[in-house]
Amino acid sequence: MTTVQQVLFELEAPYFGHPYFVTGHALFNAVARQVSDDAVRERLQVSHGVFVSGEYGEYPAAHSEDGYAGKLGQSLPPVEAYADLFVFRDAAQRWLLESRPRDAHNALDVQQYGGRQVFASECWFGKPEGQRNRRRSVQWYVHAYLHDGGADEVVPVAEDVLDGLRVGGGRNYGFGELSVADTQTVTLEDLDYSRLADADTYELELVSPYVLSTEYPGADDQDVPWWWGVPDAGVRRRETRVVDGDDEYVLGVVDHGQCVEYTGSDPLETAVNGVLRVGSHSRFGFGELRVRPAGADRVGERVTASAAVDTVRDDATAGGDGER
Amino acid sequence: MTAAAAKSDGETEAPPMLAVYRHDVHKLRGRSHEGAVEEVAGQRVNEPVPRGADADAAMLSRPRGDPEQTLPAHDSPFRVSLLTGETVTKETSVDAFRNAVRELVAIEEPESAHAAWLESDAAAVFNEATYYPYTSLKYHVLLAAALLSNYRAGAAFDELSLVVDDPDDAVTPHRTVLEAGPVSLRMTADPDGRPAAALGSAPARSFADVWSRLPELPLNVDGERQWRVLDAQLRRVRSWSVAMQLIEDYVDATSGAGGDAR
């Protein structure tokens, strides 16, 4: 069995680190500083931590739950199906309610400390004057998950080990402190993959960067995997850095957020491998993939809207006026 | 031929590519749609935009259906900045922008109107709708114009892409939707070798999705953390006019600071 331990951390202090996410490497090192057990250091595999706004939301259409979800961002939603693993994994956090200023809730509040841009741990929103509580705050969380490749020997990691981790720059000055808000374990073999099994063609979303080249000693450079249908224009690449003690290593990556066609033959196996992550530095968050049935757009409203357009087009063919 | 491309220009008194820059003048004057007048500064204004381009542009930036007030403190035509969280002007009345609005309206040449909107600071002070205060009227109008220009050329929405242009090249009339520092973005059915990402099957608040699918970004994210911070924010923002205004505001706030914002 393959156990994945999901952890939702609350950001307790301003954060000065990688702006896209808290890297798995940073989270791993923070855990490693807390434990004396060598097995944890040797086997623990840590995902990148994605920023989540502690806000009201509704379950995405692909989720096994339906409708309004209350303060979705403040705890871990139940995981029964494969798609449920990814509710918080996309920075766009598409579950945020549209009756609230969700773009503002999902943009990190940037503050200046000594000329450096730092993300605040919470964001304040005004209310009309005269109301008793004139301001309300929205708290930031960080979503990550841990596993040990299916051995299930070092996960789940105890909550008191994970509580009080510090990540990013300025850790000794109190920056980047995380507390545990929620944690739960998921067995990958027990999930419902039927939405994937029912499809004929698939798309891969790069949830985290995929490493092509690395300066890290003992790690190999890699090609773009053969089972990616890379478009003619190619894939977007980026450089990033991994800091290990006093040393800094440059990684060349395929940037996350892109989607490519899946040209392999076993989408279910790829789906599970994508959660456990593939390629160099996959222990530290790189190479996380999500498999989607082709046409299952990650922008849900676009599917709804284009269905409406198709209806209008059908009406037009049938003699309707074709106007929207 | 698709439903969108089959639509004709309909009737506008002003030439269609001028009417689109004048269709929301009532918002620049703090008026409701119902309170919109037909003429400002001697020009025909507030005409419906042909081919559904206004409705499609609206769908890129705000929810469909009846608006709900999303920010309790705010019921004003003035925009709230995603960068600072504050209303972008200290003015209390739209009268302060009267001259700037009249200058925009008075332009009688379509390409000049496009250029003026692309550079306008006054239009960026206003939101698209008071209940969606982070949206930007400036970018709503530029998006509507780009869609209309493409629809008039025979393209349907699902044939369009967002294109990253060289900021040193001249803008493309009506099609360039944003020009700010290193960022020049355009909407077209023919990217012609420039880095491009498809807008998708229908207009939706899809900025984060389209931006993160671009094969090249116009920001030097490898070199400078300040651009990684902006890129990270743009992957979170779904409304097009909110995201485009954020790019403009961020470039304005950081480029003068001599790389201060690391």
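This is a predicted model: local features need pLDDT of at least 70, side-chain atom pairs count only at pLDDT 80 or more; totals for chains, interfaces and linings use all residues.
Me: Pick one inside chain A. What does Arg236(A) pair with?

Reply: Arg236(A) forms a salt bridge with Asp255(A), and the closest N and O atoms are 3.1 Å apart. Arg236(A) is in the loop between β12 (228-229) and β13, and Asp255(A) is in the loop between β14 (247-254) and β15 (259-262), so the pair ties together parts of chain A that are 19 residues apart in sequence. Helices (H or I, at least four residues) and strands (E, at least two) are DSSP runs, numbered from the N terminus.

Me: Is Arg236(A) buried or exposed? And Asp255(A), buried or exposed?

Reply: Arg236(A) is buried, at 3% relative accessible area. Asp255(A) is buried too, at 1%. Buried means under 20% relative accessible area, exposed over 50%, and partly exposed in between (1.4 Å probe, protein chains only).

Me: Now the interface. How many residues of chain A and chain B are in contact?

Reply: 53 residues of chain A are in contact with 54 residues of chain B, contact meaning heavy atoms within 4.5 Å. The two chains bury about 4500 Å² between them, 48% of it on carbon and sulfur atoms. Buried area is the accessible area (1.4 Å probe) that two parts lose on being put together, summed over both.

Me: How many salt bridges are between chain A and chain B?

Reply: Six. Asp209(B) takes part in one with Arg298(A), with the closest N and O atoms 2.5 Å apart. Asp209(B) is in helix α8 (residues 207-212) of chain B and Arg298(A) in the loop between β16 (289-293) and α7 of chain A, so the pair joins two chains. Both Asp209(B) and Arg298(A) are buried.

Me: How far apart are the closest N and O atoms of Asp209(B) and Arg302(A)?

Reply: 2.6 Å, in a salt bridge. Arg302(A) is in helix α7 of chain A and Asp209(B) in helix α8 of chain B, so this pair joins two chains. Arg302(A) is buried, as is Asp209(B). Salt bridges with shared partners join Glu205(A), Arg292(A), Asp297(A), Arg298(A), Arg302(A), Asp209(B) and Arg213(B) into one network.

Me: Different topic. What is the mean pLDDT of chain B?

Reply: The mean is 91, and 93% of the residues of chain B reach 70 or more; pLDDT is the predictor's confidence in each residue, from 0 to 100. Residues 1-6 of chain B stay under 50, and the model has eight contacts for them beyond four places in sequence. Residues 257-262 of chain B are also below 50, with 13 contacts in the model beyond near neighbours in sequence.

Me: And what ipTM does the predictor give the complex?

Reply: The ipTM is 0.93, and the pTM is 0.93.

Technical notes:
Residues are numbered from 1 along each chain as its sequence is written. Chains are lettered from A and ligands numbered from 1 in the order in which they are written. Side-chain values use heavy atoms; hydrogens and water are left out. A salt bridge is a side-chain nitrogen of Lys or Arg within 4 Å of a carboxyl oxygen of Asp or Glu.
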